Amino acid sequence: MITVTINEKEITLEKPITVLEAARSAGISIPTLCYHPALERYGGCRLCLVEVEKMPRLQTACTLMTADGMIVRTETDAIAGVRRGILEFLLINHPLDCPYCDKAGECELQDLVEKYGPTTGRFKEKKRKMPESLEDAIIVRNMERCIVCTRCVRMCEGVQGASAIAVMERGGHSHIEPFSGGKYDCEYCGNCISVCPVGAIMSRMHRHSYRPWQMTDQVETICPYCGVGCTVTAQVRDDAIKRIIPKLGSPVNNGLLCSRGRFGYEFVGNRDRLTRPLIRKNGVLEESTWEEAIHRVTQKLGEIKEKYGSSSVAGIASPRCTNEDNYVFQKFMRVTIGTHNIDSTARTGYAGAQQFIENIFGQGATANIISGISRSDVVFVVGGDPTTVNPILGLQIRACSRKGGAVLTLGKVSGLRYFSPHALDPASFTETVLLEGIVTELKNRKELSGSHSSLESNIKDIAVSVEDVIKECKIREDDFHSFITLLSEASNPVLIIGKEIIQSNGASYKLLLLSAINYLINGRIYLLSERANEQGLLDMGCASDLLPGSRPVEVAELRRRYERAWHVTLPDKPGLTLFEMIHGAKEGSVRAMYVMGENPLFNLPNSENVKEALGNLDFLVVQDLFMTETAESADVVLPALSWAEKEGTFTNMERRIQKLRKVISRAGKEDWRIISDVSGNMGVSFPYDSAEDVFAEISKVSPLHRDLTYDDIEEGEALWPFKGEPLRGGMEISCNKGDGATESGKYFLAIDRPLFHSGTLSRKSSALMRLCPEAVARISSTTAAELSVTDGDSIRISTRIGSLSLPVFIDEAYDGSLIKVSNNFRGKGVFSLMEYSLDPVLKSPCMDNVIIEIEKSDRHVQRDPKNDSEVKK
Amino acid sequence: MLNETAIKELQEIRSKYPSARSALLPAIYVAQREFGWLSEEAYEAVSEVLGVPKAIARGVGAFYAMYKHRPMGRNIIQLCTNVSCMILGAERLADYLKSHYGLVPGGTTEDGRFSLVIMECIGACGTAPAMLVNDEFYENLSEQYIEEILAKFT
């Protein structure tokens, strides 16, 4: 116990904290500028100086640790004089252009000068001149206002780990600058903007279009982009989102955001949003009324169901929609239509991988707390770059490394290059051998404990010698051994699995090996998730083989619970998976499809094939925000409300259920309400008036979500395993080694998963489009040399099913013969070139063996985002 | 890009320090020598070899006034004009450099042969005026002596 006296008030502390923290905990305010709770302590601004008895000179409260018996005074005449003096110094160069500065009203310097500062300065010298830098597309820097508190630099280096900015020069010339002076060329997390106490680093979005006090509303909700589920605060003026800011202390992201979360909200107000239902008449989509559109859907679905049976109708749910939307949709498919033909793009990797891992370790094996990653001692990353797929999770890995943890990666991970000294980079298509080698070595060192018999029986015969691994994978023996040592000696390791490995040939066998590694090192698994509610949609039963609460469809005893709740008899066999639906549509067994918030024509590999399949349908309904590729070929298009316009819940990758709150209002219907209307029209009425009503039913029907209420969620008590009953693991394992055949090509096509884009939503957000305006082919400098191309040149990439001409982007942080193309831009998606085979166990596509032909094409003219119809609002 | 000898030299420097960042100052000198001044390429080269983010490398370099932050001539004359040197005629010498070589403080000759930097005391007050040419020290300067010295540098 430590007792300190601050301003005659006695404070008792459990453990030593700083004088500043102690004072603030007791409600005593001490002014600060360079201090920020998320950052390393600095003691640079000297505003927090306090008097401490028996200590000579004033002390900085933000760095001084409390000690027993300490007597501190924070408000004496001497301190007031010093504060005034410091503020006077800070204002020597500060332009005091508050009337013009966007920060005015929430500027810490302004507040402090108003409270403590001198009203006049005594310095006669001219202020330093540094013109405002507008060179960057997103971030505007005004170094005249900068007070060099270095919060931004400490954020960028010590928290974000991007180290894109630094203090340049010294003394009166000190200023903050990105490496190349003007443009940032960074991760654009904008966390420097969050921590800047003055108007020195600001966002260009909505520049000079609002004052902080003019915001009419401020709503805390959940980010619509990836599966991390960051808390965001949306600030609103006149029913338009003006900015997104993070919140300190929020459970997942604790005051941090990434580029998509912070700058990617503009799709909400994009003028391309669909506003009225559309019906295809004489081959053309025409505007109509809700009544007519719903009538048409009802009539056509009814006819097709009548004529070809329930199983001729299929539904594709959305990982961008809420739990409530997805629950109602699967209930509609199962109850109103009478089929388990409901699936989603989670089938492209996440769903299969999770089920596989849960069959071994039990439900919830991947529901691990993201903030725990930074507290582990070894992080093993396989199959992707977490810093672009799930940026905030990526920061946890960087934090782990900074605290002394070891970062191990399979292959080179660009976003961890300053954090991962331990990378094993196996030759193409030899990951399996390497993983077998790791399992073999770990077995030798750790011995099988016998606690998981089915897993052990699957791995007991795996034996690949170190020599073979070294030879086949072409890695160094030292590297391999130090890798194994770190893994086997880890006390609190985590394993992070990305899509690159799930979408590769023999994925289920690789997952078995990864599960074995996880078992042998006693680690925790994280599955990277690209969509905000990918986990939630699975938990809601939007999978052809799972009922809400992730209960298998085939087990009659489990099925009965739902039959009783919904008063129906459910089919006893699983429905069609996503790829089976496409196949079914192509060959005519699926006649109608209902697509909610998804774009299969763009988001599934071999788009031409999907197009043909969907074209073959008798009836296609699409519910979306925008006229997507899929909507264009629909018979009825229904406009839905976006994430910002509705209530509901998302379940993130750690299976934390979080509340979405309505930020702005807009005329229209939520996805669940549209489906309820259709269902009611088809004679099965759903009794919901609000998203909360839907959730009330979920918590009755799903054994996982039992008794959970919106109140619990609001209070943050909706963490795995909620109040429900997870299923145990230890099931029989079947896996498939793949055919092992790799075609010999010089170059292979791979999916780029860029930091600035997610596809359908991000390409309607002008800030993200400014950061990354067009599709590129990302190649290594070796490949560039071989093709004799440089930045700005274009190449034509052809596969057996298509070809694309794209400008090249030479990525220095990346090598090898892979050509990476993203799937974000209309007409330029990598999936239009991607053939795939299905993994028989995971039912997900394998896309790691796509050979391409490359030729140099005409020089590329950069597209001007200002004249881009997709960006304009 | 750096040649292989320079890369080896950087790696050698790196091995003498506990962390990559602590090797930055001597490493930046090597890059400065190779590129002539601290251009973006110079910092990028240091960043790549040491594995330190390039903005950090530039931030460290930019702090120090004695690095070359702009392109400079092949030889750098650093002339002291502090009290002793000034009294013994350093300013006259600066005028001489201007009239005979076209060198103004902070400037470079047209042929790129010399750059002139006026520097603070180099501790040669007893033998003033004094200057450095590159790393070599010269004292008791006169116009004639300067001409002799500079003739040695091409």
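1. For the 873 residues of chain A, a compact globule would come out near 29 Å, and chain A has 29 Å, which agrees. The C-alpha trace of chain A spans about 90 × 70 × 65 Å along its principal axes.

2. Some ground rules before going on. This is a predicted model, where local features need pLDDT of at least 70 and side-chain atom pairs count only at pLDDT 80 or more, while totals for chains, interfaces and linings use all residues. Residues are numbered from 1 along each chain as its sequence is written, chains are lettered from A and ligands numbered from 1 in the order in which they are written, and side-chain values use heavy atoms, with hydrogens and water left out.

3. Chain A in outline: 28 helices and 36 strands. Here helices (H or I, at least four residues) and strands (E, at least two) are DSSP runs, numbered from the N terminus. In chain A, 61% of the 873 residues count as buried, where buried means under 20% relative accessible area, exposed over 50%, and partly exposed in between (1.4 Å probe, protein chains only). Take the contacts in chain A between residues at least 6 apart in sequence: 72% of them join residues at least 24 apart. Contact means heavy atoms within 4.5 Å.

4. Now the surface and charges of chain A. Chain A carries 104 positive and 115 negative charges, and their mean positions are 4 Å apart. For the counting, Lys and Arg are positive and Asp and Glu negative, with His and the chain ends not counted; the place of a charge is NZ of Lys, CZ of Arg, CG of Asp or CD of Glu.

5. One sheet to look at in chain A is open and has 7 strands, in the order β14-β13-β26-β25-β24-β15-β16, with mixed pairing. β14 (284-287) and β16 (342-343) of chain A stand at the edges with a single partner strand each, so one side of each has no neighbour in the sheet. Two strands pair if DSSP finds at least two bridges between them. At the β14 end, β13 (residues 278-281) of chain A pairs with β14(A) in the antiparallel sense over 4 bridges, and A:Ile279 stands opposite A:Glu286 there.

6. What about β25 (residues 619-624) of chain A, in that sheet? 6 of its 6 residues are buried, so β25(A) is largely enclosed by the rest of the structure. A:Phe619, A:Val621 and A:Gln623 point one way and A:Leu620, A:Val622 and A:Asp624 the other, all of them buried. Note that a Gln and an Asp are in that list. β24 (residues 592-596) of chain A runs parallel to β25(A) over 5 bridges, with A:Ala592 opposite A:Phe619. β26 (residues 636-639) of chain A is also parallel to β25(A), over 4 bridges, and A:Val622 has A:Val637 as its bridge partner.

7. Strand β17 (residues 378-382) of chain A is mostly covered too, with 5 of its 5 residues buried. A:Val378, A:Phe380 and A:Val382 point one way, and A:Val379 and A:Val381 the other way. β17(A) pairs in the parallel sense with β18 (residues 406-410) of chain A over 5 bridges and runs parallel to β20 (residues 494-497) of chain A, joined by 4 bridges. A:Val381 has bridge partners in both: A:Thr409 in β18(A) and A:Ile496 in β20(A).

8. A:Ile438 sits in helix α12 (residues 431-446) of chain A and counts as buried because its relative accessibility is 0%. Beyond its neighbours within four places in sequence, its contacts include A:Phe380, which belongs to β17(A). A:Phe480, A:Phe483, A:Ile484, A:Leu487 and A:Ile517 are also in contact with A:Ile438. A:Leu513 is 75 residues away from A:Ile438 in sequence, yet 8.8 Å away C-alpha to C-alpha.

9. Finally, chain B: 7 helices and 4 strands, running α-α-α-α-β-α-α-β-β-β-α from the N terminus on. Its C-alpha atoms fill a box of roughly 50 × 30 × 25 Å along the principal axes. Of the 154 residues in chain B, 43% are buried. Chain B exposes about 8,200 Å², and carbon and sulfur atoms supply 53% of that.

Note on methods
Rg over C-alpha atoms; globule rule 2.2 N^0.38 Å. Areas by Shrake-Rupley, 256 points an atom, 1.4 Å probe, with all protein chains shown as cover.
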